[in-house]
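Subject: Structure handover

Hello,

Please find the structure below. My notes on it follow.

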Amino acid sequence: MLCQSCEKKQATTHIKTIMNGELKEYRLCSDCAKKYGYGSFLGDFGFDLDKLFGSFMEGIGAPKTRKRCQCCGSSFEDIARSGKVGCAECYDTFYDELLPSVRRIHGRTSHTGKLAHSAGTGVKIKNEIAKCRTELEQAIKAQEFEKAAELRDRIRELEKSMGDQSTAD
Amino acid sequence: MSAKKYTDLTDVNDVVISTRIRFARNLREYPFPCRLSDEKKRKVASIVKEAVLEGHSAISDRFRYIQMSELTQEEAVSLVERHLVSPEFISDRQGRGLLLLDDESVSIMINEEDHVRIQVLAQGMKLDEAYELADKIDTLLDESLNFAFNEKLGYLTQCPTNIGTGMRASLMLHLPALQESGAMGKISASLSKLGIVLRGLYGEGSEPSGAVYQLSNQVTLGITEREAIKNLNDIAMQLVQQERNARDAMSESINVLDEIYRSYGILMYAKLVSNSECMKLLSNVRFGVEMGCFEIDIETLNRLLIEIQPATLMKNIGKKLSPAERDHIRAELVKTALSQKKIPTSRRLENN
C-alpha cells in the first residue's frame, strides 16, 4: 500500500488515533511519518509509543480535576502530554484515568505474568491456580490422565490454602 | 554441491541472526527517570550497581560497571552498534550507568527510560535460554531492589506500553528473499493485528539495508512471559518457512544469482566500501550462503555485521578515522574475513 500522504513511497507505518471519540487510521511512509512526528518510535529498542500514547490521551479530553500525585507531583495532564508516567504511585493515583489507554494499548487490563517479590501471597496462589488450570486443560486434551489427577489435587490444595488465608485475614 | 542447505527447523540460523530479551524494571522508592534530577539518577545508579556487584551469586563477579558520562563518543556509539544499549541511552549520558557481563551477553542499563533495563543477547534462535537467564537475574535483583509492582498492572514502567511483564522479546531476522519479493509490507501489516511488530533494523524505508528485520512482541499486559515468547516463536517459524519458500522460488533466478556473485566479487576486490554499501553487499553474500552458493561461516558474517559499523571500527583500530580511511579499512577487514573461507563453489544453473 502506498503512503496516504505523499502517495509515492510504500507505507510502512500504521497509525491509529482517536480524536473526539472517532477512530482514524493512517498508513504513512517513513519520511511522512517522521514529518508528522511519528518517527521517533521507530527507534532501536522495541516499539516506543510515547508520542502516540500522548496523542491518545489528548483526544479523550483532559479531566477537570487538579489532582496531583503525592509522590512525584505529576498531574494527569503532565502524563497525557508527555506519554510518561511520573512514578509507581501515579498508577494508583490516576488508575481510572489511565485504564482506558492501557486497554487500548494492550487490549487487556490485568497482569497474568511473573510476580514480583513484593506481591501478596494471595495473588501468588491465585496465579498458581490459574497456571495449574491451564496445564490441567492441556493434560486432559493430551489424555495424560495421571498428570491431570496430580494437577487437580494441587489445585484443591492451593484453593484450600487460599481459604485458610482469607479466614486468617 | 557441498554447501549446506537449510531445511531443518531446529537449525534456523539461516534466517534468525540473534535473540534479545529485555525486562523493564523500576525501584519503588524513586520517581521514574523522567522525574529524576541528575543527582537522584546517580543515587539510583549507585543502588543498582551495588545490588548487582555485591549480590551473592556466581554471576556478580562477572559484571563490570561503566559510567556512561566517562566514555568517548566512539565508545558510546559502539555500544549501540553492538546492540548492548539503545540509541536513546547515549543521547544524554548524565546519571546513566551500564553493567556489562564479561562476554557481553547481558547488559543492564540504568536510568534509560526505566531505572533498570535487563537485557540478554544471544546468537541465533535462543528465546527460551535468553528468557531463563533474564528471569534469573531479575529474580536475584528483585530481592534487594524491591521492584515497583502492582497486583493488577504487573511491573510498573515509565511508559504504559511496557507495563505488565515489562518484557520485550525480539528476534533479528535476515529476510532477503521476502524483501525481494515485495511481501514485507503485507506481512508486517498482518502481524500488527497479532500484537507482533516487524520492522527494519538498519536504515529507513520499506527496504531496510541488509534486509535485517526485527520481530518483537508488542503487548505486555494480560499475557504471561511464556505465552508471549511462544507466540513470537510460532510467528518466527512461519516467517522462516515463508522466507525459505521464497528463496527456493528464487534459487534458479539468474538475476538473483548474478547479484549474489557480483556482491561477493566487489567485497573481494574493492578498495573502498562505505557502511551502507557494505551492509547491502554482505546481506547479498549472506543470501548466497543461505542459498548454498558459497561456504562461509554464518558466524563470521554475523560478526562482520557489527565490526564494519563506523564507531566499532574506530574503537577496534584505536583511533579516530576519516570516512575515507574507514571505507578503506572496512574493505580490507571484509576481504580478510571472507578470504579465510573457501573459494566459492561454482554453481551453475541446472538447465544450462
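**Two helix pairs in chain B**

Helix α11 (residues 310-317) and helix α12 (residues 323-339) of chain B have axes that come within 11 Å and cross at roughly 80°. Axes here are lines fitted to C-alpha atoms, for helices over the stretch in contact, and angles run from 0 to 180 degrees between N-to-C directions. α11(B) and α12(B) are therefore roughly perpendicular to each other (under 35 degrees counts as roughly parallel, over 145 as roughly antiparallel, 65 to 115 as roughly perpendicular, and the rest as oblique). From α11(B), Pro310(B), Leu313(B) and Ile317(B) make the contact, and from α12(B), Arg326(B), Ile329(B) and Arg330(B). Two residues are in contact if their C-beta atoms, placed from the backbone, lie within 7 Å. By class, this contact has four nonpolar, no polar and two charged residues (Ala, Val, Leu, Ile, Met, Phe, Trp, Tyr, Cys and Pro count as nonpolar, Asp, Glu, Lys and Arg as charged, and the others, Gly among them, as polar). Helices (H or I, at least four residues) and strands (E, at least two) are DSSP runs, numbered from the N terminus.

This is a predicted model, in which local features need pLDDT of at least 70, side-chain atom pairs count only at pLDDT 80 or more, and totals for chains, interfaces and linings use all residues. Residues are numbered from 1 along each chain as its sequence is written, while chains are lettered from A and ligands numbered from 1 in the order in which they are written.

The axes of α8 (residues 254-269) and α9 (residues 275-290) of chain B come within 8 Å and cross at roughly 125°, so α8(B) and α9(B) are oblique to each other. Their contact has seven nonpolar, three polar and one charged residues.

**Contact between the chains**

The contact takes 46 residues from chain A and 49 residues from chain B. On the chain A side, α5(A) gives the most, with five residues. The residues of that side divide into 19 nonpolar, 21 polar and six charged.

**One loop residue**

Ala58(B) sits in the loop between α1 (38-53) and β2 (63-67) of chain B. Ala58(B) counts as exposed because it has 7 C-beta neighbours inside 10 Å (buried is 20 or more other C-beta atoms within 10 Å, exposed 12 or fewer, partly exposed in between, with C-beta atoms placed from the backbone).

**Confidence**

Chain B averages a pLDDT of 90, and 93% of the residues score at least 70; pLDDT is the predictor's confidence in each residue, from 0 to 100. The complex has an ipTM of 0.82 and a pTM of 0.78 from the predictor.

Regards
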